[in-house]
Amino acid sequence: MERETTTNGHWSPLPLVLAILLAVLLLAGLGLRYWAAEREYEFTGPTHITSGAAGVFVYAAGEILHLSSAGQLLDIVDSNRSLLADDPIDLVALSGDLLLVAEQQPAKIRICSVPAWDCDPLGGIAISGITRQFKVIPSGTPQTWLLTDAHGDTLWTFRESPMTLNEVLPKNTLAGPNGLAFDHSGGLWVADTDHRRIVELVPRDDGTFESRREHSAMNELTVSDRHYPMMLTQGADKRLWVSQAADFSRPYADLVVYDPDDGMIANVSLPEGAYATDVTALDEDVLVTDMELFSVYRVNTFSRDVSTFGDQAFAARLQSYRDQKATYGRLGFASLAAVIGAALLLIVAAIWNT
């Protein structure tokens with residue numbers, strides 16, 4: 001096989017140089033594609049929400065947004081102040097100005113005062129063995145908490161003094177449990193995700209729990225296969241409001257209403273393409289985060305009318321997340337196109353060089 005030569009008989013290095021430049025372009029494009037994809041993933045819509053005496057707290061795109069109960073944006077807490085290394089797994093507004101922040105990898109819980117953001121750890125080594133998503137709720141007894149554990153498929157009671165973590169359900173009662181909420185009669189309801197139901201747990205005299213009422217998420221009101229309950233809260237109407245997702249690879253989730261006695265009674269009409277991820281009660285309303293459309297909705301529990309929650313500053317902040325996500329998405333697409341183009345030209349250059 002002969003090397004490419006110029007018209008005067010000398011070998012030309014041009015094809016080889018071109019091939020090297022294209023290879024560099026290919027590697028650079030792959031690197032840019034990976035970086036853009038990582039950045040695009042960081043700019044998610046709101047995923048967690050909670051409300052209490054200190055107002056409403058929303059997590060989105062690496063920041064905790066603090067709003068008044070009327071929807072006025074009061075503060076934006078970035079990771080430098082919140083000390084979050086990753087997305088939180090749960091937010092719970094406590095009494096006074098306290099906010100519980102639960103994190104994964106490793107599992108840990110912090111109780112933070114607002115607005116100073118002074119945080120104290122809770123649980124420490126006692127909960128570090130929880131390796132998958134978990135949710136937390138005060139038990140009603142001082143210094144005692146209830147935790148669901150999606151990896152262990154169970155419910156735990158965590159006591160601060162002495163620091164203990166005890167499994168309080170029979171094996172196989174739950175499968176991939178998620179959100180927790182008390183109803184008006186004191187019953188503890190759990191989104192039993194992989195069993196596709198919500199279930200009431202009641203305490204026994206020995207401190208363990210047993211299941212009572214349960215309602216399937218698979219019935220005539222379920223849209224498509226959106227029958228995986230995730231988070232839930234009790235509204236002012238004394239009914240349970242549940243974010244209910246499709247298979248986790250598909251970006252859709254509904255807001256459905258359950259009567260504690262009669263089961264699912266309504267599927268609330270949210271905007272087309274919404275992904276309802278979390279819910280919290282606020283006076284006569286429930287607030288719902290929409291991860292896909294970068295919005296938070298206010299739904300009246302009696303009329304079921306849906307409106308947007310938050311002031312213009314809050315809406316602008318969510319829109320900025322959405323715009324940045326779109327920018328990195330376009331950059332990722334452009335870098336992928338450059339990678340494909342460089343690969344094709346590299347093949348042509350290799351043929352030419354031989």
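Which residue's backbone oxygen lies 3.4 Å from a polar atom of the side chain of His215? In this predicted model, the oxygen belongs to Asp259. Let us begin with that histidine and then walk through the other places worth a look.

His215 is part of strand S16, which runs over residues 209–216. With a relative accessible area of 9%, His215 is buried, because the cut-off for that class is under 20%. Leaving out residues up to four places away in sequence, His215 touches a run of residues from Tyr258 through Asp259, Pro260, Asp261 and Asp262 to Gly263, together with Trp189, Arg197 and Ile198.

Next, find the open sheet of 4 strands, whose order is S5-S6-S7-S8 with antiparallel pairing. Strand S5 (90–93) and strand S8 (118–122) form its edges, and each of them pairs on one side only. On average, neighbouring strands of this sheet are turned by 25° against each other, direction ignored. Follow strand S7, residues 108–113, to its partner S8: the two pair in the antiparallel sense over 5 bridges.

Cys112 is joined to Cys119, with the sulfur atoms 2.0 Å apart, and the count for the model comes to 1 disulfide. The torsion about the S-S bond is about 110°, so this disulfide is right-handed. What about the accessibility of the two cysteines, Cys112 and Cys119? Cys112 counts as buried at 1% relative accessibility, whereas Cys119 is partly exposed, with a relative accessible area of 23%.

Some backbone geometry comes next. Most peptide bonds are trans, and most residues other than glycine have a negative phi. Against that background, look at the loop between S7 and S8, where Pro115 lies. A cis peptide bond joins Val114 and Pro115, with omega of about 5°. Another cis peptide bond links Ser161 to Pro162, with omega of about -5°; Pro162 sits in the loop between strand S11 (154–160) and S12.

Strand S12, residues 163–167, holds Glu167. This glutamate is partly exposed, at a relative accessible area of 32%. Its side chain makes a polar contact of 3.3 Å with the side chain of Thr154, and a polar contact of 3.5 Å joins the side chains of Glu167 and Lys171. Setting aside neighbours within four places in sequence, Glu167 is in contact with Thr154, Leu155 and Trp156. For a sense of distance, Glu167 and Phe182 are 15 residues apart in sequence and 19 Å apart in space, C-alpha to C-alpha.

Finally, turn to phi. Ala61 is not a glycine, yet its phi is positive, at about 50°. You will find Ala61 in the loop between strand S2 (55–60) and strand S3 (63–67). Is Ala61 buried or exposed? Ala61 is buried, with a relative accessible area of 13%. Arg304 also has a positive phi, about 65°, although it is not a glycine. The loop that holds Arg304 lies between strand S23 (295–300) and strand S24 (306–308), and Arg304 counts as partly exposed at 31% relative accessibility.

Methods
Residues numbered from 1 in each chain as written. Predicted model: local features only at pLDDT ≥ 70, side-chain atom pairs only at ≥ 80, totals over all residues. Heavy atoms only, no water. Buried < 20%, exposed > 50% of the residue type's maximum accessible area, 1.4 Å probe, protein only. Polar contact = N/O pair within 3.5 Å; in protein donor to acceptor, adjacent residues only side chain to side chain. Contact = heavy atoms within 4.5 Å. Pairing = 2+ DSSP bridges. Axes fitted to C-alpha atoms, helices over the stretch in contact; angles between N-to-C directions. Disulfide = S-S within 2.5 Å.
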